[in-house]
Amino acid sequence: MAIVLAIESSCDETAVAIVNNRQVCSSIIASQISVHQEYGGVVPEVASRQHLQTINGAITQAMEQAKLDWGQIDGIAATCAPGLVGALLVGLTAAKTLAIIYKKPFLGVHHLEGHIYATYLSEPSLEPPFLSLLVSGGHTSLIYVKDCGTYEALGETRDDAAGEAFDKVARLLKLGYPGGPIIDKLAQEGDPQAFALPEGKVSLPSGGYHPYDGSFSGLKTAVLRLVQQLEKDGGQVPVADVAASFQQTVARSLTKRAIACALDYGLNTIAVGGGVAANSGLRTILQAAAAKHNLRVLFPPMKFCTDNAAMIACAAADHLSRGHTSPITLGVESRLALTQVMKLYQSA
């Protein structure tokens, strides 16, 4: 079983973790949320500078927490795509340096593959094939997980990702950043049936709608128009009801597509990953719908829903156990399809 130290720095968390196969030995996450809150979103240059300031300390803490020395580490990994280029470079450079100094195999990991592996950390017996619902601030996809490194994209958002929609709606409701946790908390106090909002279907040229693709841009605009109309009518905007109605619509939309996709492809397990996997509305609605069809739904622990290095290390450990390593010349990419994961590796 491979013991891997991994670094995740694709956006606004500086994370370092050590994983022994699928067991977490240590996990350090230095969040930058407080730094970016005043801007209402992540500022790439600021994120990169914060990573530089915290990366060395995070590596030291991870080693101390795991109570391991460098001789016990089998491989060094880092997220290399997709993400903010400057931020990715900080983590990748640190990982390469450690790999060279300690003469360890180096692995570049795809961020979305990491989110798929987050579920393995709490369900070590999980094995492909299964359906992965990836829902985060930058991605919303339905992925057929066939094996380590072998993925087929079955559905995706055509515009805003689900997490991005949460942030934008929170901004127009003047709730602050990040939007997901704030809206989720407010939604507990509101009526999810208060306002009818569109789910965002994607039309097909031949007629009808795409069964697995979704859209959240129209939903965001519908919330904007609703708020504008409520303000125009002179009444106070029932923020909790708007938040609850919006969250219910997003969760219902994601659930319908995930259930349909799993049933059509004969997959009995849906593993959810990404920041929106922490959303209580999605967890409740998806689990209830799945139960009606005897489908199993798996959510990572809350601490592994958002960006973390444990999920990156877990993915790297599986690749390393199969003889996959990355060239030390590997660079970063702001965009890279999950289906192209194996271009990051060379077989031993």
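In the predicted model described here, Y144 is buried, with a relative accessible area of 17%, where buried means under 20% relative accessible area, exposed over 50% and partly exposed in between, as computed with a 1.4 Å probe and protein chains only. Residues are numbered from 1 along each chain as its sequence is written, and side-chain values use heavy atoms, with hydrogens and water left out. Because the model is predicted, local features need pLDDT of at least 70 and side-chain atom pairs count only at pLDDT 80 or more, whereas totals for chains, interfaces and linings use all residues.

The protein has ten helices and twelve strands, taken as DSSP runs numbered from the N terminus (helices, H or I, of at least four residues; strands, E, of at least two). For 348 residues, a compact globule would have a radius of gyration near 20 Å, and the value of 20 Å for the protein agrees with this; the radius is taken over C-alpha atoms, and the globule rule is 2.2 Å times the number of residues to the power 0.38. Along the principal axes, the C-alpha atoms fill a box of roughly 65 × 45 × 35 Å. Of the 348 residues, 55% count as buried. Among contacts (heavy atoms within 4.5 Å) between residues at least 6 apart in sequence, 71% join residues at least 24 apart.

Aromatic pairs were assigned to rings of Phe, Tyr and Trp (its six-membered ring) with centres within 6.5 Å, planes under 30 degrees apart counting as stacked, over 60 as edge-to-face and the rest as tilted. By this rule the protein contains six aromatic pairs. One of them joins Y144 and Y265 in an edge-to-face arrangement, with 5.9 Å from centre to centre and 70 degrees between the planes. Y144 belongs to strand β7 (residues 140-147) and Y265 to the loop between α8 (239-264) and β9 (269-273), so the pair ties together parts that are 121 residues apart in sequence. In contrast to the buried Y144, Y265 counts as partly exposed, at 33% relative accessibility.

A further edge-to-face pair is formed by F166 and F246, whose ring centres lie 5.0 Å apart and whose planes make an angle of 75 degrees. Since F166 lies in helix α5 (residues 162-172) and F246 in helix α8, this pair ties together parts that are 80 residues apart in sequence. Both F166 and F246 are buried. Elsewhere, ring pairs link Y117, Y120 and F130 into a cluster.
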